[in-house]
Structures are given as structure tokens and as C-alpha cells.
Amino acid sequence: MKIMRLAAMAIAMLLSFAATAHAQTTLRIGLAEDPDALDPSTARTYVGRIVFAAFCDKLFDIDEKLNIVPQLALSHETSADGKEVTIKLRPGVKFHDGEPFDAEAAKFSLDRHLNLPVSFRKPELAALDHVEVVDPLTIKLILKTPYSPLIAQLTDRSGMMISPKAAKESGDKFSLHPVCAGPYKFVERVQQDRIVFEKFADYWNKDNVFIDRIVYLPIVDSTVRLANLKSGGLDLIERVLATDIKDVQTDSRLVLATAPELGYLGLTINVNNDKSKGALSQSAKVRQALDLAIDREALNQVVFNGEFTPGNQWISPTHPLYQRAFPVRPRDVEKARALLKEAGVSLPVSIDYMVPKGTENETVAQVVQSMASEAGFDIKIRLIEFATSFKQAQAGEFHIFQINWSGRIDPDGNSYVFLHSGAPQNDGGYSNPEVDRLMEQGRLTSDLEQRKSIYEKLTKIVLDDEPIIYLYHRKLLFAQTRKLEGYRAMPDGLVRVVGLKLK
């Protein structure tokens, strides 16, 4: 009898274990590219930001209406002169290594973003002089000048907090095993294959985390990405092709989620880093000619079925700071040819056009290539792996770099880091002292009308210099299976995993 009871207990334990194992839930998210470094100080890709949203909480976040809301910070207060910002931190927060998140840890992260030699966060925090620890849960940011976009910057990578202990121990290898304070903790990464996270038991908001594991799978081919979603291999995918919208909408197993994007797609021109001294780098007239050769509305219709918004600025026409005095100009091939003649360049103008791999990226490039050829340009499209494109861009190995920017809630976040002299994402090396001055001036005031006036002057210069040719603003397109509950598309394109459930 004793043996029988023991056998029954063993079977019960096995059944219980099997039930527990079966109950483990895994959310599988398909990405259009493989992210770069998983270090908030050194990362610069949009897909990286999607992954960060699962494991690296920020001081602040945004809601669907672009309001700034608390995350690891509870509140902030700015002094009358705009040069001191006091931030109260959330109590009881732990990093994934068990270390406490407090004022010293917040100071460490901000100092690292600002001072790490390879940090891409420097221009985002350029106004920050130093951070003071007021008490264990209060920091004070001392600024060199007032800086209106500061809190907006802290809703993104500049506001992400990392474990000081882990960062000190791993040094420049931090991205290989990142440690933050988010809902999920890092498990493993296999380049070009998968990034795996598991639920963090001591997360401060753990009662709203319902999924056990998240696996991010980079699948560059959008058709394959969608096929995996349909077959059940994925639960959510980003960047559905505009031409696949009807396919998703007519599939009863799938749900389409959309949101207007905050950013843009642009053609970054190598103005000052071009070792080959190509015609685009030598003359603004050549860059203006290329701009005039492109029909943005036709591009939108051909590639995106009219779903996107043609644009010519770093913010979309729906933004209150968009400069309506400078609307999108119609295509003018004759004027483009005249500008090339005035510039005195030999025809056709040969251009190396670097494009990250991906169906829509390649199609956009082909349409631009075809349009530009009619004006006297010989564009040679060079397809390249996404992460590699950034290395070549920084090295100046391109004439044109076609790249999307996912956008920020403050327009400064769409301009300064690309247009200011010496900014780390100014891959084309553009430099104009008056542009620098106007961007810095725009950071000093929160008054909408004052900023509008400043940006009007800034926009005129940039549209004349053409360091970036802005083409359009995307509609964010996500597709999910119906078994995923609670997902909402957000204008910043990030997938917030807290609150998500799998049936």
C-alpha cells in the first residue's frame, strides 16, 4: 500500500509539473531587423528600442496621447530659471541583479549616458552639467542652460536606468549581458536569430506582467514575417507592408493595429565625410536637383498604396511646429536639370546609394532611382545588412544613406542629433553655425510660438542646404494573432509588454 501511495504521489507530482510547464507562456515578436548593441548609451536603432521596452525601464514614459507619465520617476519639478530639475524616484525598485535602484544608481546612469566616450546620448543631454543626489530617492539635474526637451528625452534611451554594479563589472561588454530594471530580464542573444527574456520576479509592477518569456526574432523579409504570424510561429510583427494591409484585415485570425509615426524616412547626404568628393557633397544645387527629381506623392501611391504621408521636414504636417510656409514642392525635372547645369557637374551624376535590406526599403530606393535618372542622376543602389549600414555610415562610406528615424515627441529629438555639428548621428558631417545656433536657441524655450519662429528660420536653411532629403512619414503597421490581448500601437512604435496576455 505504501508503494502504491508513493507511486500515486509521484504521478501527481509529474502531472503537476507537466501542467506547470504547459502553463508557461511565450510571446514571440517578429522584428524587421536585428538590433544593434543592447546598451541604452550606445544603441541607435529603432528595433533596439522595441527590445529595450521589455527590459529597460526609463525615468518617464509616454501614453497614447503623447503625455509624459511616470515610470521609474514619480514626479519632476523645474526651477523658475529653468536650470534645475528635481526628480523624485519610485521606491522599492530592483535591478535584475538584485541591486537597488536609488538616487546613486540614477546618477550613475545619467553620468554614463553623458560621459561615456561612445555614447549616442550626449547630444540629448548636452545641457546637463551634473547630477546631484539630494536624498536616497531624489536627484537634482543641474543644467548649463534651460532645456525644454529634457523630460521628453528622459522618456527614451537617455532615461533608461542600468545597474551600476553590472556596468562596472562588464565594462564595454555590458551590451552582451545587459542588466536594467524592467519587467523582463535578459537570458540570451544569438545574432541574427533571437533575443530571449524571462519575467523578472522582483519587478516593481509585477502584478501586471502576465507572460513568462519573450522572444524577439529578426526576420528581414516582410513576407516571411507575415507568413510566420499566419502559421502561428509569431504572435506579433512590426512593419507590416502597406500592400499587405487588406491581407491582414481579411484574415479572421489576425488583428491590424496602426498609429501615426513620430519620425520620418530621409536620404542622409554625405556632405563633409565623403572621401570620394562626389557631386552631392560639393554642391547644394546638386542636392536640390535630386530633391526636385522626386515625386513624393507618386512614391507614396506606388510603394505604400497612399497609406503614408509625403513630407519634406523632420516632423509631419500634423505637428503644431510643422512649417507650413515651406510645403512639399511638386516634382520639377526641368528645374532639376537646370540646377545640375548651373552646378557645372558632368552628367550623369554617379551616386552610391546605401540601403538597408528589406522589401519596402528596396522598393523606395528603386522608385527614387528611376525618378532621379530622368533628371540626370545615375544612382547605384547598394543593399546592405542593417547593423552594418550604421558602421559604414559613421565611416563616411556612402553618398546617400536611406534611413528611417522612428521619431521623438519633441521635434528637437528629430533634428539636433542629425543636424548639429559633431552630433554622433550626423553621419554626413553637416555643419552650419547658424543651424547650430537656432537649434540651441530652440532648446531654451518651452513657448510654442517662440519655438515656431525659431524653427521657421531653421527649416529655411536646412531646406536650402539639403543635408537630409525628407521623403515621407510612415503609418506604423503592426499585426497580431487574436490570442494576444492588451496590445495597443503607440506613436513611438514601441511594444509595451506590461499588461499583455496570451489566451
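Q: Where is the place of Ser175?
A: This is a predicted model. Ser175 belongs to the loop that runs between helix H5 (164-170) and strand S8 (184-190).

Q: Is Ser175 buried or exposed?
A: A residue counts as buried when its relative accessible area is under 20%. Ser175 has a value of 18%, so it is classed as buried.

Q: Setting aside neighbours within four places in sequence, which residues is Ser175 in contact with?
A: With those neighbours left out, Ser175 is in contact with Ala37, Leu38 and Asp39.

Q: Let us turn to charged side chains. How many salt bridges does the count come to?
A: Side chains of opposite charge can pair when their charged atoms come close. In this model the count comes to 40 salt bridges. One of them joins the side chains of Arg28 and Asp235, with an N to O distance of 3.1 Å. Arg28 lies in strand S1 (residues 26-31), and Asp235 lies in the loop between helix H6 (222-231) and strand S11 (236-237), so this pair ties together parts that are 207 residues apart in sequence.

Q: Are Arg28 and Asp235 buried or exposed?
A: Arg28 is partly exposed, at a relative accessible area of 22%. Asp235 is buried, at 0%.

Q: Which residue forms a salt bridge with Asp61?
A: The partner of Asp61 is Lys58, and their closest N and O atoms are 2.9 Å apart. Asp61 is buried, with 8% relative accessibility, and Lys58 is buried as well, with a relative accessible area of 7%.

Q: What do the side chains of Asp352 and Arg382 form?
A: They meet in a salt bridge, at 2.8 Å from N to O. Asp352 is part of strand S15 (residues 349-356) and Arg382 is part of strand S16 (residues 377-384), so the pair ties together parts that are 30 residues apart in sequence. Arg382 is partly exposed, with a relative accessible area of 25%.

Q: Which residues are linked in a network of salt bridges?
A: Such a network links Arg49, Asp156, Arg157 and Arg408.

Q: Which element gives the most to the lining of the largest cavity, and how do the lining residues divide?
A: S17 gives the most, with 5 residues. The lining of the largest cavity divides into 16 nonpolar, 10 polar and 11 charged residues.

Q: What volume has the second largest cavity?
A: Its volume is about 100 Å³. Among the 14 residues that line this second cavity, Ala152, Thr155, Asp156, Arg408 and Ile409 are the closest to its centre. Asp156 and Arg408 also belong to the salt-bridge network described above. By class, the lining of the second largest cavity has 5 nonpolar, 4 polar and 5 charged residues.

Q: Which residues of the largest nonpolar core touch the most other members?
A: In soluble globular proteins, nonpolar side chains tend to be buried together. The largest nonpolar core here has 79 residues, and those touching the most other members are Leu59, Ile87, Phe101, Leu141, Leu154 and Tyr216. H2 gives the most to this core, with 7 residues. A second, separate core of 49 residues includes Leu292, Val303, Leu340 and Ala479.

Q: Finally, what is the peptide bond from Leu347 to Pro348, cis or trans?
A: Most residues other than glycine have a negative phi, and most peptide bonds are trans. The bond from Leu347 to Pro348 is cis, with omega near -5°. Pro348 is in the loop between helix H11 (333-343) and S15.

Q: What is the phi of Leu66, and what is that of Asn305?
A: Phi is near 70° for Leu66, a positive value, and near 55° for Asn305, also a positive value. Leu66 is in the loop between strand S2 (60-62) and strand S3 (68-70), whereas Asn305 is in the loop between helix H10 (296-304) and strand S14 (309-310).

Note on methods. Residues are numbered from 1 along each chain as its sequence is written. This is a predicted model: local features need pLDDT of at least 70, side-chain atom pairs count only at pLDDT 80 or more; totals for chains, interfaces and linings use all residues. Side-chain values use heavy atoms; hydrogens and water are left out. A salt bridge is a side-chain nitrogen of Lys or Arg within 4 Å of a carboxyl oxygen of Asp or Glu. Helices (H or I, at least four residues) and strands (E, at least two) are DSSP runs, numbered from the N terminus. Buried means under 20% relative accessible area, exposed over 50%, partly exposed in between (1.4 Å probe, protein chains only). Ala, Val, Leu, Ile, Met, Phe, Trp, Tyr, Cys and Pro count as nonpolar, Asp, Glu, Lys and Arg as charged, and the others, Gly among them, as polar. On a 1 Å grid over the protein atoms alone, a cavity is a set of points where a 1.4 Å probe fits but cannot get out, and a pocket is an open set with protein on both sides within 12 Å along at least five of seven lines; lining residues have an atom within 4 Å of a point. Grid points are joined across faces, edges and corners, and a volume is the space filled by probe spheres set on the points. A nonpolar core is a set of buried Ala, Val, Leu, Ile, Met, Phe, Trp, Tyr and Cys residues joined through side-chain atoms within 4.5 Å. Contact means heavy atoms within 4.5 Å.
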